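Colleague: I should be grateful if we could go through this model together, one feature at a time.

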Amino acid sequence: MRIGLLGTGPWAQMAHAPALSGHPELDFVGVWGRRTAPTKELADTYGVRAYDEVDALLADVDAVAVALPPAIQADLAARAAREGCHLLLDKPLAPTVEQGRTVVEAVAEAGVASVVFFTTRFQPETAAWITEQAGAGGWFTGRAQWLGAVFSGDDNPFADSPWRREKGALWDVGPHALSVLLPVLGDAREVTAAAHGPGDTVHLVLDHVSGASSTLALSLTAPPAASGAAVELRGTAGVTLLPESTETAVSALSRAADALLAAARTGQPHPCDAAFGLRVTEILAEAETLLDEG
């Protein structure tokens, strides 16, 4: 599969480019970015073409990987789908439900495959745990803490990200927490509570279709010594914790590419497709409304 990369920022450099370049079933064709110099630099590093026009890249590939801010991703993803390109997307799918729905509609109309990269879902240890707990059932409560130090640590490459500054932890790490809770506890019927905490920290309470409830604590301004992610489930089977993973983002993204290839070959949607990404966006938007209303 011929694939191109849209985006040249830190995430494209750290994860996307090395994952695409090193994948045995992908032909990494080239890079398009919003700025000429970084685009050429990243393309030269991997010996691929630097594209000046996004349409030229779309015409040369079978798929695109997107490492861009959510609003830009949503617009370009829909555009790429209409050109017949399969989509390897990042979370969140879009910053609004309307934009997310546009992507899903374009994917459906074009009949292309889509995978949204929720890191935890593509790490072997955590993916196996999620599958096991979903099969076990009988869960009473879930608790997820996704606490980052992006804005409180030193020299974080994502600290100056305008969209993260605007949207905060709810939209940056909230998708990670939801990607774990939803497949185990079921869809969220309602965001029953939402409250602000220190910095960009938010606390959410969800009611799930299974009858279970969950709480989420999300932050990008946690003290570095307190940062980390944890998920705890309690139910008829007892108590279980999300295991830690030693996988790198590059390895996990390579598995997401595997999933995209499989979906493109079989026509069977992956559980983390654009439709799931839209559902996550809908829940985040509901939470954001509650937070704005105080």
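**A discussion of the predicted model**

Modeller: A134 is partly exposed, its relative accessible area being 36%. Please bear in mind that this is a predicted model.

Colleague: In which helix does A134 lie?

Modeller: The residue A134 falls within the run of residues 124-136. That run is helix α6.

Colleague: Which residues does A134 contact, leaving aside its neighbours within four places in sequence?

Modeller: One may begin with L182, which is 48 residues from A134 in sequence, while the C-alpha atoms of the two are 9.2 Å apart. Contact requires heavy atoms within 4.5 Å. With neighbours within four places set aside, the residues in contact with A134 are P183 and V184.

Colleague: Why are α5 and α10 described as roughly antiparallel?

Modeller: The axes of helix α5 (residues 97-110) and helix α10 (residues 274-293) come within 9 Å and cross at roughly 170 degrees. Angles over 145 degrees count as roughly antiparallel. The arrangement of α5 relative to α10 is therefore roughly antiparallel.

Colleague: How many residues of the contact of α5 with α10 are nonpolar?

Modeller: Helix α5 contributes V97, G100, R101, V103, V104 and V107, and α10 contributes A274, A275, L278, T281, E282 and A285. In this contact 2 residues are polar and 2 are charged. The number of nonpolar residues is 8.

Colleague: How far apart are the end C-alpha atoms of α10?

Modeller: Helix α10 has 20 residues, and at 1.5 Å a residue it should span 28 Å. The distance between its end C-alpha atoms agrees with that expectation: 28 Å.

Colleague: What covers the buried residues of α10?

Modeller: Buried residues of α10 include F276, L278, I283, L284 and L291. Among the elements that cover the buried residues of this helix are the strands β6 (114-117), β8 and β9 (202-208). The cover also includes the helices α5, α7 (162-172) and α8 (174-185).

Colleague: Which are the edge strands of the open sheet?

Modeller: The sheet has 6 strands in the order β8-β9-β10-β7-β11-β12, with mixed pairing. From one strand to the next the twist averages 15 degrees. An edge strand pairs on one side only, and the strands in that position are β8 (188-196) and β12 (238-241).

Colleague: Which residue of β10 stands opposite G142?

Modeller: Strand β7 (residues 139-147) and strand β10 (residues 213-219) run parallel and are joined by 7 bridges. Opposite G142 stands S214.

Terms used
Residues numbered from 1 in each chain as written. Predicted model: local features only at pLDDT ≥ 70, side-chain atom pairs only at ≥ 80, totals over all residues. Heavy atoms only, no water. Pairing = 2+ DSSP bridges. Helix = DSSP H or I, 4+ residues; strand = E, 2+ residues; numbered from the N terminus. Axes fitted to C-alpha atoms, helices over the stretch in contact; angles between N-to-C directions. Parallel < 35°, antiparallel > 145°, perpendicular 65-115°, else oblique. Nonpolar A, V, L, I, M, F, W, Y, C, P; charged D, E, K, R; others polar. Expected span 1.5 Å × (residues − 1). Buried < 20%, exposed > 50% of the residue type's maximum accessible area, 1.4 Å probe, protein only.
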